[in-house]
Amino acid sequence: MNDRVHLTLDEVHGIASEALRAKGFSERHAGAIADTVTAAERDECTSHGLFRIPFYVKALQAANVSPDAEPTFRDLTPAVLQADSHFGFAPLTLQLAAGPLEKRSREFGIAALCIVNAYNVAALWPEVERLAERGLVAFAFTAALQYVAPAGGTKPVYGTNPMAFAWPRAGRPPLVFDQASSASARGEIQIHLRDGKSIPEGWAIGPDGEPTTDPATGLAGAQLPFGGYKGAAIALMVELLAGALIGDVFSFEATERDAGKVGAPCGGEFMIAIDPARCVGDGNRDAQLAHSEKLFAKILEQDGTRLPSDRRFRARERTPAEGVTIPKSLHDTLREYIDG
Ligand code: NDP
């Protein structure tokens, strides 16, 4: 275990925020990014944990990222809120937007959030889970950089384009799924490369268009959508929602913006929040939630099943007491950021 370093979750947050501040992020951005990174470590989503801090730092050094931009908000209609991140990273905007989005969805039954000019290298589950914890149904979509080939093609057009969905549950954490529309998140391929492991078949093709299990060849070529043309259709939808719909860029345009080739996508994120009580005539939220539990129980009757997010919530029961471990090389990098 000498090649790993043990950290409590408080230490994860401390080292993340200290490293980000040392590299120039404002207190508020460093805090918001450290919150998402710590939540990812807590839930054992390592590809969005401390592993991401060097991406944030490199993006700040090489791209047009603002370290201290304060997001601004504008009501486009009573139920459509625009947030401009002014080329800062998304977590601060997402934290600040949750309350206003909740308020509008309660008032109108459904509300949308259109985030523009945001750098985003995070997972999407924190923002939908945050709303579902307040009793709302929530969706989030964001495009990325040009990494994924369209169905039948061999050259990247789409981003890995995640979408996330959350459903509130009475007396327990929400049901959440958050998935890339590619066969794997790009961070997973980068982790395989770092660890000297091959990637499963079906994740990527090389620059020659041939299938590959070599992570470096796959990163140089194109990632594949999950489920062939069906995943590609989701990637296409995400491009349209998080790009054209809200007046921001497609993944291939974000790649053109990424002149420093740091791999930090700058574009839009689109969210929808729904107040379930406003979707039935009598507004009986309890009945809706009780009904959804019947579906979950039916699924879980079968051996081998689980609900999306259960893995994260199981990790969340453990890591506050046990802490987490990270590679020593990553810990050394973060200490170098802090110590200069
Ligand atoms: P996974 O394939 O690991 O998981 C996708 C979803 O499926 C999760 O909600 C997971 O729940 C659930 N799941 C996995 N296995 C099962 C199962 N056996 N039964 C039921 N549900 C299951 O995620 P991806 O690799 O697709 O994406 C990883 C992350 O990368 C996401 O958080 C995404 O937002 C992020 N991402 C961010 C991008 C960006 O530009 N910002 C770009 C692309 C991806 P659980 O968590 O409990 O395992």
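## Basis of the model

The structure is a predicted model, in which local features need pLDDT of at least 70 and side-chain atom pairs count only at pLDDT 80 or more, whereas totals for chains, interfaces and linings use all residues. Residues are numbered from 1 along each chain as its sequence is written, and side-chain values use heavy atoms, with hydrogens and water left out.

## Overall form

The chain holds 12 helices and 12 strands, taken as DSSP runs (H or I of at least four residues for helices, E of at least two for strands) numbered from the N terminus. Along the principal axes, the C-alpha atoms fill a box of roughly 55 × 45 × 45 Å. The radius of gyration of 20 Å agrees with the value near 20 Å of a compact globule, because the chain has 340 residues; the radius is taken over C-alpha atoms, and the globule rule is 2.2 Å times the number of residues to the power 0.38.

Buried residues account for 52% of the 340 residues, where buried means under 20% relative accessible area, exposed over 50% and partly exposed in between (1.4 Å probe, protein chains only). Of the contacts (heavy atoms within 4.5 Å) between residues at least 6 apart in sequence, 66% join residues at least 24 apart.

## Helix α3 and its cover

Helix α3, residues 53-62, has I53, P54, Y56, V57, A59 and L60 as buried residues. Their cover includes the helices α1 (9-22), α2 (27-42), α4 (90-108) and α12 (328-339), together with the strand β3 (80-89).

## Serine 66

S66 is located in the loop between α3 and β2 (72-77), and it counts as buried because its relative accessibility is 14%. Beyond its neighbours within four places in sequence, S66 is in contact with L60, H86, F87 and G88.

The side chain of S66 also makes a polar contact of 3.3 Å with that of D68; such a contact is a pair of N or O atoms within 3.5 Å, and within protein one must be able to donate a hydrogen and the other to accept it, while residues adjacent in sequence count only if both atoms are side-chain atoms. A polar atom of the S66 side chain lies 2.9 Å from the backbone nitrogen of A69.

L295, which lies in helix α10 (residues 285-300), counts as exposed because its relative accessibility is 53%.
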